[in-house]
Number of protein chains: 4
Amino acid sequence: MTTPLRFGLFGTGRIGQVHAASISASPRATLQWVCDPFVDGARSTAANYGGRATAEPADLFAADDIDALVIASPTPTHVDLIDRALDAQIPALCEKPIDLDIARVDALRAKAAASTQPVVLGFNRRFDPHFAELQRRVAEGEIGTLEQLSIISRDPAEPPAAYVAVSGGIFRDMTIHDFDMARFFLPDIVRVTARGANQFSSAIADAGDFDAVVVTLEAAGGELVTIANSRHSAYGYDQRFEAFGSGGMLQIGNIGPSVITAHTASLVEARVPYHSFFLERYGDAYRLELEAFIDTIAGEPSRSPGFEDGRAALILADAAEQSARTGRTVDVDLNL
Amino acid sequence: MTTPLRFGLFGTGRIGQVHAASISASPRATLQWVCDPFVDGARSTAANYGGRATAEPADLFAADDIDALVIASPTPTHVDLIDRALDAQIPALCEKPIDLDIARVDALRAKAAASTQPVVLGFNRRFDPHFAELQRRVAEGEIGTLEQLSIISRDPAEPPAAYVAVSGGIFRDMTIHDFDMARFFLPDIVRVTARGANQFSSAIADAGDFDAVVVTLEAAGGELVTIANSRHSAYGYDQRFEAFGSGGMLQIGNIGPSVITAHTASLVEARVPYHSFFLERYGDAYRLELEAFIDTIAGEPSRSPGFEDGRAALILADAAEQSARTGRTVDVDLNL
Amino acid sequence: MTTPLRFGLFGTGRIGQVHAASISASPRATLQWVCDPFVDGARSTAANYGGRATAEPADLFAADDIDALVIASPTPTHVDLIDRALDAQIPALCEKPIDLDIARVDALRAKAAASTQPVVLGFNRRFDPHFAELQRRVAEGEIGTLEQLSIISRDPAEPPAAYVAVSGGIFRDMTIHDFDMARFFLPDIVRVTARGANQFSSAIADAGDFDAVVVTLEAAGGELVTIANSRHSAYGYDQRFEAFGSGGMLQIGNIGPSVITAHTASLVEARVPYHSFFLERYGDAYRLELEAFIDTIAGEPSRSPGFEDGRAALILADAAEQSARTGRTVDVDLNL
Amino acid sequence: MTTPLRFGLFGTGRIGQVHAASISASPRATLQWVCDPFVDGARSTAANYGGRATAEPADLFAADDIDALVIASPTPTHVDLIDRALDAQIPALCEKPIDLDIARVDALRAKAAASTQPVVLGFNRRFDPHFAELQRRVAEGEIGTLEQLSIISRDPAEPPAAYVAVSGGIFRDMTIHDFDMARFFLPDIVRVTARGANQFSSAIADAGDFDAVVVTLEAAGGELVTIANSRHSAYGYDQRFEAFGSGGMLQIGNIGPSVITAHTASLVEARVPYHSFFLERYGDAYRLELEAFIDTIAGEPSRSPGFEDGRAALILADAAEQSARTGRTVDVDLNL
């Protein structure tokens, strides 16, 4: 057994906790440093999962006992922390999005491309075992030539208004996962058409954002992708995916907390509602995402989405926003 | 198009109405005579579906305008009416059971066997399109050698006490359908083991009958059949069937009134309860049963269960009763 | 029982046969006249289902024994035949579309609106028992406020090139059913966005048509509708529908020819492929469509889509075509 | 965090490996000693999962650093090892069955009952999260009064002949799990009726054993349980369970390796076959079984089946064997 990689972690909010737990649980990783300007968060995380706590990012870049970084701090800090990780030549896993401003992403792009150390993006859904199996089976040709993807993705409940305000809007915050999932199957998206609506949330409307959107993507080979989102779902986290090809279709329905079906005088074949929290649905995906990052660091052919994937998803989100606001289809070239 | 067959119908109770409607709806049949000692029932049935009404069975056997008979009168009349149909050389479809007393059935057996005109039994489930498809696919070898059948059959609600009193008991009244379905796949049953219980109905217990039973049948090739019955089911008519073989399994789940699945904050993937009445589930089967009878009369290779099938089901019911009462497995020989 | 309505039928092609059979099978209708310029088709249809045959439409309008018309002749004849039915004050059921040219439809609009006799359109899917149940349950508020519809509709196989050439294009020929289904739930569509692709058929591409399309509709209340179509489907006729609301979701999956699930060493829980022909899926709908038309003629509140519905569907098809060709969302006002 | 319990493990065959892995993976347990007369097995297990290796059971009972034992050695050793664990006052988890001979079990019964330290039995299925949820929901009254259980349990493939020879027969080796599952819901079984067959395996027939059996259990309240077993299943490990009550039914279908449904020109809604190995289905159950044992040791109300449960399952297996051989229902009293 090889020596575990020593991780530094930025950010100890909800998603930071997820990564701390994954690092702690992996036999191939240990948590060495935890950084959060709210140093109490850093301290309690370190107490739970190991490592030293600090409020100062500089402490981590100055340390000589860090093999890899996880950046789970707020979005505005991502570009700077990636930049410093590149300078320090430390492999980094950064939560999505890289930034809400494509100009800031582009400014870092050449440097990321030139780096000998990996920068990978936290698009965890690629590592969900079910989606990963679907992608593999499509790639193996089980349904012939891929023609259409249908993605339905609805959150259990709308986020707090404070979160909406800094989220960058539904396309950059929520649909971005679906953009990356589409690119998991069809990397070369060339055209984006989107529509948005305000169906139920006055808070989201007041923030100038949509609470439901529909997006059509077109890939270079003429493939069509539909994405339907809503910021609420009475029956729990709605996460469905299907791939349609010349030879057939592969489908993943919702996965809930129970497999038991109930039959009563009211209803039959009924299950309890789907998950009410994304971690219940994607817990495994976060763990496997970390393992894939460790594999990448170990020199295996990387299965992790990289800086270019993070940039591509943001370009698609920007294009969707522009399309929804103007009523026009927007051409994109992710290869430029 | 050939001339429609002219039918005489005995009995205008619930099941008589079903047959009157099937005869009337078929382009190959007309209702010519309707007989019921409650002559008002005969008259209203004739008014609805055609034909002459009478209280006297003799009128039908004396008539010269009857091509076929349906016997849907009470069980105690069946043997006599079949006997007279045999004498009159008129094809007859008789509702199950032939009689509750195997001695009376056996007394008619040789005469039925010698008849040039068919006597067929109303085991309608063989004509349910789903069960018929399952039987065909098993016969075609889709699951290799048949090894096990699992039948679950539960009624929506217990019958009235008056019905229970004359029913002959659950094995002869309800399980008899499952015995015939088992024989649809495995005609040569050689051994019967049964257990009965009183789980919920004091009325049924007071009548000395069981409200739930479990039966194991063994066929000549060592195949095993399990039947589970209950006289009630909160979620509607529960009618399931599966065939297990050396190469796989074929399964029919419950078929309900709606295919829509509902997803709410309470339950997901839920359907409205199954049928609350056997006719909703087996309406097609009754119509197809009549058509098969007409085909048999027309000289086609008969798909209809005959007198011997009616006798076999009763023997199995008797054996089940005996087994449940004595705690002993009972050998049977349906070929004697 | 009232006297059956005497029907005149225009057109004896595939869909004409469907209507002839429905008329013949209904106890409330008889086929009185059959008209087709290919008079042999008219004759054989009359021989099978009743009525007199002619090659001359004028014979029907001159006859004094016709209570209702079914117009199932080629699309270019529809406007003229509706016009003459209006003049003759005979109720008419016309197959979709009214015409491929909205100008010709509009020219007839005021006259149709002023008629005392109904003109109804053959959008049969509204009468599919499953879709009708779904619409009813949504209308009853089972899922709260309706927010999104998702329609997936794929044909088993592409039509012959000769058919494609005169079809008016996929939006006017195929998606038009989905436009009407969307309007069954959300009549007031205000905005159309569409994308088209050429994924597999060089014949369709050569005809300048798309073989796969995706459409987003917006209704007056901000509701979003997604439609995904393909002209082929390896696994059979793919017809799915779901309605998402503030309180939940109702869903109809595919309905195939068999309910049996098979379990083998290769695959489990498997069913035989879905229908390969639209009549297998929508046979009941055609029969119920005719009954609803008869109800409308009898003066009941009409459940049948009318001339305005036919016009609306065509407007949406035109808008979709325009959107797909220009890359712009198209506003529509169906109330003008 | 409390100090991990130090475990001694007897047996390093297949099931011993499972326990070694569970102990090693639990933060509340460490593997301290590994014992197997094939000392190489003990050594390699210790190398993988920790602890000292020995061929001598006496070494473990002499050691002063063992807090708990897992007995996963061959069945004939169980009684002796439990006996010595009782003498040493060390909590023990013993694999099922306690022994194949009820007399040897009974000889140890009083001593086990008198012990202050727990002896628990390895009926892992009680800890399967799905079955445990089902049991909890039934206990909470979701389906009213429990009336019937239906258990279908089929192994993917028959065991090697050498295993069959020492297995004690299908009832004591395979059905024993289903007996315990029945008792998880209905502890007080009072009557056993069983039938056995030889359907496919000449090796099993030659060993004088059955390859397929059907059992009916009756509980003290008149509840009925059906169990259907087969030693092979072409489509993988078939493990289904349903509970029927006065108010409804709860059901667990098969759980396989993939949730993806495939739709092709051959079959639709199809999944890849179920698991081909029991560990894939019950891996979680083994881990949770160990945790429950640790909870029991920690003084929590025990959720683990105990010595009496192990004895009861064996009594039911003996009764089933007797019933199948004699054709008579066998009364049992598990409370004597």
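## Stop 1: chains C and D

Start by selecting chain C and chain D: together they bury about 1,400 Å², with 62% of that on carbon and sulfur atoms (buried area being the accessible area, with a 1.4 Å probe, that two parts lose on being put together, summed over both). Now pick out C:Leu267, C:Val268 and C:Glu269, which supply 35% of the area that chain C buries against chain D, more than any other three residues.

Before going on, some housekeeping. This is a predicted model, where local features need pLDDT of at least 70 and side-chain atom pairs count only at pLDDT 80 or more, while totals for chains, interfaces and linings use all residues. Residues are numbered from 1 along each chain as its sequence is written, chains are lettered from A in the order in which they are written, and side-chain values use heavy atoms, leaving out hydrogens and water.

Back at the interface, 15 residues of chain C are in contact with 15 residues of chain D (contact means heavy atoms within 4.5 Å). The rule finds 2 salt bridges across it (a side-chain nitrogen of Lys or Arg within 4 Å of a carboxyl oxygen of Asp or Glu). Show D:Arg271 next: its salt bridge goes to C:Glu269, with the closest N and O atoms 3.4 Å apart. By class, the side of chain C that touches chain D has 9 nonpolar, 4 polar and 2 charged residues (Ala, Val, Leu, Ile, Met, Phe, Trp, Tyr, Cys and Pro count as nonpolar, Asp, Glu, Lys and Arg as charged, and the others, Gly among them, as polar).

## Stop 2: chains C and A

How much area do chain C and chain A bury between them? About 3,100 Å², 53% of it on carbon and sulfur atoms. Here 40 residues of chain C are in contact with 40 residues of chain A, and the rule finds 6 salt bridges. Zoom in on A:Arg195 and C:Glu218, a salt bridge whose closest N and O atoms are 2.6 Å apart. By class, the side of chain C that touches chain A has 12 nonpolar, 18 polar and 10 charged residues.

## Stop 3: C:Ser230

Select C:Ser230, in strand S10 of chain C (strands are DSSP runs of E, at least two residues, and helices runs of H or I, at least four, numbered from the N terminus). Is C:Ser230 buried or exposed? C:Ser230 is buried, at a relative accessible area of 0% (buried means under 20%, exposed over 50%, partly exposed in between, with a 1.4 Å probe and protein chains only). A polar atom of its side chain lies 3.1 Å from the backbone oxygen of C:His232. Leaving aside neighbours within four places in sequence, the contacts of C:Ser230 include A:Glu147, A:Gln148 and A:Phe244 from chain A, plus C:Met174 and C:Phe200.

## Stop 4: salt bridges within a chain

Jump to A:Arg172 and A:Asp318, whose side chains meet in a salt bridge at 2.7 Å, N to O. The pair links distant parts of the chain, helix H8 (residues 170-185) and helix H11 (residues 307-326), 146 residues apart. A:Arg172 counts as buried at 16% relative accessibility, and so does A:Asp318 at 19%.

C:Asp284 is partly exposed at 41%, as is C:Arg287 at 43%.

Definitions and conventions: Polar contact = N/O pair within 3.5 Å; in protein donor to acceptor, adjacent residues only side chain to side chain.
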